[in-house]
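Student: Could you take me through one part of this model up close? I'd like to see how its pieces sit together.

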Amino acid sequence: MSWRKICAVSDIPENSLEKFETDGIEILIANYGEGFRAFPPRCPHMDEPLCESGMLFDGLLTCSKHLWQWDMKTGEIAGMAEKDLLMYDIKLENSDIHVYIENALVYEDDEEAEEEDEEDFFNAD
Amino acid sequence: MPARNNKQWNAAPNLELGEWVDSRIYSDEDIFEEELEKIWKKSWIPLCHESELPEPYDFRTAILAREPIIIVRGPDKKIRAFLNVCPHRGMAIERRPAGSFAPAQPSGNPKHMTCMFHAWQFDMKGNCVDIPREKEGYQDRLDKSSQGLRALRCEVKYGGFVWVCLDDQTPFNVESWTAGAMDCIKDSLDEEPLEIIHYHRAIIDCNYKLWHDTNSEFYHDYMHYHNRITGFDDGYFKRKCSAFDNGHVNVGTFTVNYEEYEVAEDRGKLTFPHLPPDNWYMVDMFPGINFNLRGSVVRFDLMTPLSANQVMIEFRGFGLKSDSAEDRAQRIHHHNTIWGPMGRNLHEDLVGIAGQGVTMMPKSETRRILHGRHEGLYIHDEVGMRHFYDVWGKWMDRLPSDPMQKYKQGKVVGPDMPPAKGLSVFPGKTAS
């Protein structure tokens, strides 16, 4: 994988998110007014599809489900978010948006508790 | 005998203890409540089949002894059962009968169970994974790690049925609970994956045990027009009834002569694995479940007691997951010609218990219901009911023929059969 042309700059109106798929990998591209960002389509909090739940205004991406936020200019956490948004590198060439994709970026799930022994579990105080 | 006056009508029948029951066991509301506590909350109940939730994040909801239950399949494919109750304010978390948590929902995130009331969220293992504004609201006084769902004992067993028990301290697993009653159909159910091919349900104004009684005796053939005139050979009347621990009964097989049936054809070709062609086994599980393997299809009845005088009966049919489209259509046809809502038998059976329900409403006068037929432990023998009510009496510590008295053993079985082995293990008690 490498740099891939995803869409034209004009495909994404200001303050909006668009979802694209390339070789089975889904990515979102955000136009935050002063530039573009590319990231996986799910909120790192609870897997909400950001193309539906995400709101983009004043450089701030907000997942409307539980109000996690990221600053699109710096790419950093803002407000209540507790996990970084994973980002793909992005560049503009001839009014087209290119994204560097090696592998799909995936959020690591929270560690779930080890499976307990059933008898211990059901007889615990 | 001539007609009887009130005193004669209410006198004990001239049968032995255990050969009749008092109709209050079918109509008394206090006894009904006690049954939920002492029996339904202590028993292993198969609430659905794994093919009803085939994919990760699929779920099925159910009711067991008034407790709302949710059964989910995790991303690890494992099926788990929980109370369908939010630990926050007691809201029912999921209200659909079945569906998937995989996609995003209006009030919930993908891959989570979400209580729509205040958006508490749970994963498929029952962990509470999100309490909105947890720190602001609870500071450090309450942590989501302490707010998981109530997990229930759950086993997928005997061809993929999902068994749940509300009693954490049950002395049984599913195998010891069934006590050998399922052995006659176990290999047929377990050979390859089953798939649900039929579902319908009936809510009947009668006590749940009346349906179980109907499934446990076969001489209501008199009610079934088609059964009376066709289909049965001598083998039919030589099907053996066998009693097992914990109140279960099964009925041995015979070869059904489908050529004698109207609108039915031989089922030999599609007969289930390990079953001789056109054979038929039936298992009645205490306190209200029935497995019926009839040649090419399995029928499964699950009773959900709703009140002393109301029961929901869910009827499921099963084929093999590997069925071709043609075979599947044939199985569905076989199922429906006998057991569909307009099949040969089922609606007539329901008419029977609805008629009993009319005469045994709460506060109806007490009646004596006879279970006294002895016919060599073959299918017109009422040993199935006698065995059921003997175990019922032990669990309830009530005498079925006078439920205001304590249990004592009556004449349960016929002369050529000893009492079922043991009859000894039931919660909190050990019989001599």
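In what sense do S16(B) and S17(B) pair, and over how many bridges?

Tutor: Happy to. Keep in mind that this is a predicted model. S16(B) and S17(B) are antiparallel partners, and six bridges hold the pairing.

Now follow S17(B) onwards. Another hairpin, again with a link of two residues, takes S17(B) into S18(B). These strands also run antiparallel, and nine bridges connect them. A handy landmark is B:Asp301, which sits opposite B:Phe315 of S18(B). So how covered is S17(B)? Mostly: eight of its 11 residues are buried. When you look at the side chains, bear in mind that in a regular strand they alternate between the two faces of the sheet.

Next, bring in helix H10 of chain B, residues 325-339. Its buried residues pack against strand S16 (289-294), strand S17 (297-307) and strand S18 (310-320), and also against strand S12 (194-204) and helix H11 (346-359), all in chain B. Which residues of H10(B) are buried? They are B:Arg331, B:His334, B:His335, B:Ile338 and B:Trp339. These lie on the same side of H10(B), because they cover an arc of only 95° around the axis. The spacing is worth a thought: an α-helix has 3.6 residues a turn, so residues three or four places apart point the same way. On the other side of H10(B) you'll find B:Ala325 and B:Glu326, both exposed. The length of H10(B) checks out too: at 1.5 Å a residue, its 15 residues should span 21 Å, and the end C-alpha atoms are 20 Å apart, which agrees.

One more spot ties in here. B:Asp28 sits in the loop between helix H2 (24-27) and helix H3 (29-40) of chain B. Is B:Asp28 buried or exposed? B:Asp28 counts as buried, because it has 22 C-beta neighbours inside 10 Å, and the cut-off for that is 20 or more. Leaving out residues up to four places away in sequence, B:Asp28 touches B:Ala308, B:Pro362 and B:Pro403. B:Lys363 is 335 residues away from B:Asp28 in sequence, yet their C-alpha atoms are 7.0 Å apart.

For another sheet in this chain, look at the open one of seven strands, ordered S2-S11-S10-S5-S4-S3-S6 (chain B) with antiparallel pairing. Its edges are strand S2 (44-49) and strand S6 (98-100), each pairing on one side only. Neighbouring strands of this sheet are turned by 30° against each other on average, ignoring direction. Within it, two bridges join the antiparallel strands S5 (residues 79-83) and S10 (residues 151-157) of chain B, and B:Ala81 has B:Leu152 as its bridge partner in S10(B).

Finally, step back to the whole of chain B. It has 12 helices and 21 strands. Its radius of gyration is 23 Å, close to the 22 Å the globule rule gives for 432 residues, so chain B is as compact as a globular protein of that length. Of those residues, 44% count as buried. Among contacts in chain B with a separation of 6 or more, 65% come from residues 24 or more positions apart.

Technical notes
Residues are numbered from 1 along each chain as its sequence is written. Chains are lettered from A and ligands numbered from 1 in the order in which they are written. This is a predicted model: local features need pLDDT of at least 70, side-chain atom pairs count only at pLDDT 80 or more; totals for chains, interfaces and linings use all residues. Helices (H or I, at least four residues) and strands (E, at least two) are DSSP runs, numbered from the N terminus. A residue is buried if 20 or more other C-beta atoms lie within 10 Å of its own, exposed if 12 or fewer, and partly exposed in between; C-beta atoms are placed from the backbone. Two residues are in contact if their C-beta atoms, placed from the backbone, lie within 7 Å. The expected span of a helix is 1.5 Å times one less than its number of residues. The arc is that of the directions from the helix axis to the C-beta atoms. The radius of gyration is taken over C-alpha atoms; the globule rule is 2.2 Å times the number of residues to the power 0.38. Two strands pair if DSSP finds at least two bridges between them. Axes are lines fitted to C-alpha atoms, for helices over the stretch in contact, and angles run from 0 to 180 degrees between N-to-C directions.
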